[in-house]
Amino acid sequence: MSAQSSEFPALLSSTMLGHLAVRNRVVMAPMTRNRATKATLEPTDSTATYYAQRASAGLIITEATHVSANAVGYPFTPGIHTDGQVAAWRRVTDAVHARGGRIFVQLWHTGRVSHPLMQPDGSVPVAPSAIAAEGELMTYEGPRPLPTPRALEVAEIESIVHAFASAAGRAIEAGFDGVELHAANGYLVDQFLRDGANHRTDAYGGSLENRTRFLRELVEATAGVTGAHRVGVRISPTSTFNSMSDSEPGRLTTYVAQLLEPYGLAYLHVVDPEQTDGRTRRPVTALARRDFSGTVITNAGFTGDTAEQVIASGVADMVSFGAPLLATPDFVERLAEGAPLNTPDRGTFYGGDDRGYIDYPFRDGRPRLDLDALTAPA
Ligand code: PHB
């Protein structure tokens, strides 16, 4: 059955992302899987199989990937700053491209969501302000309380901007189609954006102009390396994950959309859980759409049906799916055929072996573990 005859004519239609043609508007959302090698924090051959199995999505965005050794927060998460990591990612991008897929890497610095046990030199993690997130962090030695971070000096902010730009260059070297700046979910860039975590009184805190300065510098530095059409940005202005808050998330969204509008970026990706105050709404997506004329990707809790509606209505151009795509490698083909999806196994989301990683069945009931047998979808 061709995509056009399915119940998802908008979702399964092709589009352009920056200069890149994509087969459909299904995006694999970035998802941390904690399966990189411990000593070198490189993706493995299983990682290549995992992403290649999902190459029929219009775009894959990788799991969050650190830009430098001290950008690390969690165990077994990959980086993209060493030669070994670049070579390992090259195997992933080659496998995805061989199946006709597109893949961006999500560039990450965890900021205060780290711990001296996770830092290369045992130092205290950094953040815009010395304000701890609540709760515990999983380290290699077990869960530990999240520490109070050290507030960054201005010169250090500059060096982190350089680290992102350098990682963006490494991403191109590794064969990625582009990079996504992770400015969501309470990690470093988001810590600058939102006033619950940013109490600075210098040029990087206070006004929206100042709180978005770090993001603007990152966009300009990475776009300078890759071209703006290869840079996407992900934000989550209303998320409370990692103890985050903002006094005016709507104003922040509008400010970021207007700030990013002139650059000609690949996309703006918004984490926007459904609000059901009387009627169903995706408020962040609607605000982003109003001021950002490029591709808007929306995320959180979509089904095929709600994704079709949000694209058909013009509020978003693409929709990213997390757990559904994690659990169903041939998600796009199943939508096209009206076939049921696999059930996600939450117990294997974060860490472990190939179980719950590359053994989810395709439509015929068998996982495709052999990259050579994974044919390119039409
Ligand atoms: C996580 O590892 O829990 C995690 C990482 C990146 C995110 C969200 C959650 O954006």
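Visitor: How many nonpolar, polar and charged residues are in the lining of the largest pocket?

Guide: This is a predicted model, and in it the lining of the largest pocket divides into 23 nonpolar, eleven polar and six charged residues.

Visitor: And how much space lies in that largest pocket?

Guide: The largest pocket holds about 1100 Å³ of space. It is lined by 40 residues, and those closest to its centre are P30, M31, N185, F241 and Y350.

Visitor: Which elements give two or more residues to the lining of the largest pocket?

Guide: Those elements are the strands β4 (59-66), β5 (103-108), β7 (136-139) and β16 (318-321), together with the helix α10 (323-327).

Visitor: OK, on to the ligand. Where does the ligand sit?

Guide: The ligand sits in that largest pocket, where it is surrounded by T32, Y74, W108, H182, N185, Y187 and F241.

Visitor: By class, what is the shell around the ligand made of?

Guide: The shell residues divide into four nonpolar and three polar, with no charged residue, whereas the lining of the largest pocket does include six charged residues.

Visitor: Which side chains have an N or O atom placed against a ligand oxygen, say T32 or H182?

Guide: For T32, an N or O atom of the side chain is 3.4 Å from an oxygen atom of the ligand, and for H182 the corresponding distance is 2.7 Å. N185 also takes part, with a polar side-chain atom that lies 2.6 Å from a ligand oxygen.

Visitor: How much of the ligand's area does the protein bury?

Guide: The ligand taken alone exposes 280 Å², and the protein buries 82% of that area.

Visitor: Switching topic: what is the count of cavities of 30 Å³ or more?

Guide: The count comes to one cavity of 30 Å³ or more, and the largest cavity contains about 30 Å³ of space.

Visitor: Which residues line the largest cavity, then?

Guide: Its lining consists of D195, L208, R211, D246, S247, E248, R251 and L252. The elements that contribute two or more residues to this lining are the helices α5 (208-211) and α7 (249-260).

Visitor: And by class, what does the lining of the largest cavity have?

Guide: The lining of the largest cavity has two nonpolar, one polar and five charged residues, while the shell around the ligand, to come back to that, has no charged residue.

Technical notes: Residues are numbered from 1 along each chain as its sequence is written. This is a predicted model: local features need pLDDT of at least 70, side-chain atom pairs count only at pLDDT 80 or more; totals for chains, interfaces and linings use all residues. Side-chain values use heavy atoms; hydrogens and water are left out. A residue is near a molecule or strand if one of its heavy atoms lies within 4 Å of it. A polar contact is a pair of N or O atoms within 3.5 Å; within protein, one must be able to donate a hydrogen and the other to accept it, and residues adjacent in sequence count only if both atoms are side-chain atoms. Accessible areas come from the Shrake-Rupley method with a 1.4 Å probe; for residues, only the protein chains shown count as cover. On a 1 Å grid over the protein atoms alone, a cavity is a set of points where a 1.4 Å probe fits but cannot get out, and a pocket is an open set with protein on both sides within 12 Å along at least five of seven lines; lining residues have an atom within 4 Å of a point. A molecule sits in a cavity or pocket if more than half of its atoms lie within 2 Å of its grid points. Ala, Val, Leu, Ile, Met, Phe, Trp, Tyr, Cys and Pro count as nonpolar, Asp, Glu, Lys and Arg as charged, and the others, Gly among them, as polar. Grid points are joined across faces, edges and corners, and a volume is the space filled by probe spheres set on the points. Helices (H or I, at least four residues) and strands (E, at least two) are DSSP runs, numbered from the N terminus.
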